[in-house]
Amino acid sequence: MRVLTVDDSRTILAMLHHTLSNAGFEVLQAEDGQRGLDVLAREKVDVVITDINMPVMDGIEFIKHVRSSGAHQSLPILILTTETSQDKRDQGRAAGGTGWIVKPFDPEKLISVIHRVVH
Amino acid sequence: MSDLDDFKATYFDECSELLAELEEQFAEIEHGDRSNGRLNAVFRAIHSIKGGAGAFGFSGLVGFAHAYETLLDKVREGGVKLTPEAVALCIRANDIVADFVHAARVATDLPEDYGADEKGRFTRLAAGEAPEDEAPIEDFDIDFVPVMARIARAEAEEPRGASLDAFEAPPLPPESGQWEIRFRPHGELYARANDPLLLFRELASLGELTVRAVLDATPALADFEPFGVYCAWELTLVSPTVTETQIREVFEFVEGNCELSVVEVQPLAMSPGLPPLLIDEPDELPSFSDLMPEAPAAGLMPPAEPAAPLPSFAALAEAVQAEASVRPAGVPPRPEPTARKTVATAEPAGEPEVERRNGVQSIRVDLDKVDRVVNMVGELVITQSMLTQQMDETLRVRYQELVRGLEVLAQTTRGLQDSVMAIRAQPVKSVFSRMPRLARELAQVTHKKIRLEMIGENTEIDKTVIEQLSDPLTHMIRNSADHGIETPEQRLAAGKSETGVIRLSAEQAGGNILIVVEDDGAGINRDKVLQVARQRGVVEADEQLSDEQIDQLIFAPGFSTVDAVTDISGRGVGMDVVLSNIKKIGGSVHVRSWAGRGTRMTLRLPLTLAVLDVMLVRVSHNPYVIPLSSIVETMQCARASFERVPSGGKVLQVRGEYVQVIDLCERFELGTPADDKTRFVVLCEAEGSVKVALIVDDIIGQQQVVIKSLEENFESIEGIAGGTILGDGNVALIVDVQGLKSAKPRRHAA
């Protein structure tokens, strides 16, 4: 199963990569929303995990773009969020986000959340 | 900012607290705790919200809260059972109340019929009718039509009633382990790539799951919308350990994009009600794609005939069946989510909800935590002053740097102490602001003309004191309105203006806060008070009392001069409650009355409850401390300067005034000191400016102490207000001047 992780923080990307590849996922990475779209244009992925605050194209815009293309309407997108940014989370949901992961995430929880949105 | 805005701000703060309280209470009620205490707390909260809303004319909120309150009242009386449905409705209603409050706070209007549905259900429940189904069909957001729906509904009508009966069946046992879940996804759920199948898969991991599709909303084929959602589900989850929280957590991501109700039911009650609505073939569930191609051309599609089961569903059902036999041993426990929405239907509350979370500008901190800080700061202050005292002159000269450091430390600890106290301090306004309304109501009921004047509302007092102030003040103002102020006719006859004045004031006086309630009424009728007091044995028949002593009798327990009990001042409980409440917070009450001119009641309250400025004295060989706030002056005197009075007591003449003498050595039974020894007089002021001279063996100095409760650690002792630990580790008792003084006459009487 392939996961696209989109985050401008190298730390977060590295942590996600570590956790996900240990759990048997194939991990793709992008540093912002625009690059995330580029990856989606050429690769097939099963689930996307994206941050909200990013340069170039933020997570909200990214999700809107993904949903507006016919090919990815049923692609599960998980939003990386914090306890304190519920409004961002709600915006992300409104844009078409499938669910969310609260940072800092624990590995087990992360995997179980992915299983909640992916077949 | 106008006063009204101030009051509103207070009200909204209070609402935030009450709403939080509601949430807490319902968290327990949901788990089966239906104790009266909880119901009463809920009732009080709603009642308070309604009361304030009425004062500010928030009619929508008043109406809604009233319906809610009426139901709660019925529940309290036992007339209506608090079924899980009713609880869910209440929890939903709490959110609506919060939305109303929020709308009022930001001065926006909610739709006219906001909460009308829930309000209607409250009214019906209170009237003893069963609540309706959780998920009214009308709420369904797809515009579907008649042909199919009519047939489906016609069939569904009867069974639906039956199903309700099953749900509303007699009070349910708290833990049957069988959960009925109704789940109707909206279009957005799919648009966000959520998949019911995955939710069911996760539910199946919690226990034994049965899934039934509900197709009552399926339209005629011609009316199918490409992205329409026509399928809902009813699920039964059996697991002895699963909680509602766990179930709802599964639906966390789809909250707001579906209708959801989670109800725990009695296993037996299930079977008769449910099947008719559903396709009772869990392993052959139809899917949307299956229905499309093979539907009859006429557009009439029997809802209960799936063409072929969707493979994944079949797989799921199999998995579920298979798991059913081995469950639930391996069910992993799930962490409780820290915050969750507790409404029955996951309809989004929209913007108000989001802002409600962000609207409060302050944080709530457990008072215990603040108290711990207060206590520690108190100890710090004491240690600091002890250090300073131990610096003698030689040390001062030798270690100047150290001295400077200690001075800075002294300043900082003082600042720290003030800041910590400020956390607990609140303006009395929050209590005072409730009084004008009270005065208006009292004026109406008594047919008197009353004007309430308030002074010093910004005076700040410790929060605990403020909280304890509301009841006593209410009683005092009631008393003034009821017994003090005369009728307009009487007032005119007495040459006063028609309108009586009650003046409520607060001011800081030294280490105390004085709160005064005074009126320009008739004054206390001393003859009557004395007569009643004698009748009830409060006062001995032959005992002679001064006017002032008679006035204080109104605080005696169970005392009331009114023969016919009035609605207002109550039933002879009142003024004694004032006294006990005020004593509880370390304060005292004093009343003074002038015939025909009025009555003044003075509450003397401590500024803070934790740290006290005291004078350290020695009695025999023991240290005692006397609150500095009650000391007028100290002097050296020879024992011979006391004069004996016929009653056996002693007095001391201080500048022409005779003052009662209490020798602490004798009073605390510490032996009799030698006559020739020089001793000290600490002249204290008790209530009502009455002076009393305490005789001690030595005066050691002034300092601050942290009060330790004697009641909590030992037991209450007359004449002792508490204890404290001194810098050298010794325990000293805090002298209660007022207590000593009032204890004296009783000893004589006994």
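1. How are α14(B) and α16(B) oriented to each other, roughly parallel or roughly antiparallel? The model is a predicted one, in which local features need pLDDT of at least 70, side-chain atom pairs count only at pLDDT 80 or more, and totals for chains, interfaces and linings use all residues. Residues are numbered from 1 along each chain as its sequence is written, while chains are lettered from A and ligands numbered from 1 in the order in which they are written.

2. Helix α14 (residues 367-390) and helix α16 (residues 400-424) of chain B have axes that come within 9 Å and cross at roughly 155 degrees. Axes are lines fitted to C-alpha atoms, for helices over the stretch in contact, and angles run from 0 to 180 degrees between N-to-C directions. The two helices α14(B) and α16(B) are therefore roughly antiparallel (angles over 145 degrees count as roughly antiparallel, under 35 as roughly parallel, 65 to 115 as roughly perpendicular and the rest as oblique). Their crossing is left-handed (the near helix is turned anticlockwise from the far one by less than a right angle; clockwise is right-handed).

3. The residues of α14(B) that meet α16(B) include Val370(B), Val377(B) and Leu387(B), and those on the α16(B) side include Leu406(B), Leu416(B) and Ile423(B). Contact requires C-beta atoms, placed from the backbone, to lie within 7 Å. The residues of this contact divide into 13 nonpolar, 4 polar and 1 charged (Ala, Val, Leu, Ile, Met, Phe, Trp, Tyr, Cys and Pro are nonpolar, Asp, Glu, Lys and Arg charged, and the others, Gly among them, polar).

4. Chain B comprises 27 helices and 22 strands (DSSP runs numbered from the N terminus: helices are H or I of at least four residues, strands E of at least two). Of its 750 residues, 34% count as buried (20 or more other C-beta atoms within 10 Å of the residue's own; 12 or fewer is exposed, in between partly exposed, with C-beta atoms placed from the backbone). Among contacts in chain B between residues at least 6 apart in sequence, 73% join residues at least 24 apart.

5. β9 (residues 512-519) and β11 (residues 598-606) of chain B run antiparallel and are joined by 8 bridges; Val517(B) has Met601(B) as its bridge partner in β11(B).

6. Elsewhere in chain B, β18 (residues 679-685) is joined antiparallel to β14 (residues 631-637) by 6 bridges, with Val681(B) as the bridge partner of Met635(B). β18(B) is also joined to β19 (residues 691-696) by 6 bridges, again antiparallel, and Phe680(B) stands opposite Val696(B).

7. In chain A, the axes of α3 (residues 59-68) and α4 (residues 86-95) come within 8 Å and cross at roughly 15 degrees, which makes α3(A) roughly parallel to α4(A). The crossing is right-handed.

8. The contact between the chains takes 15 residues from chain A and 9 residues from chain B. On the chain A side, α4(A) gives the most, with 4 residues.

Methods: Pairing = 2+ DSSP bridges. Contact = placed C-beta atoms within 7 Å.
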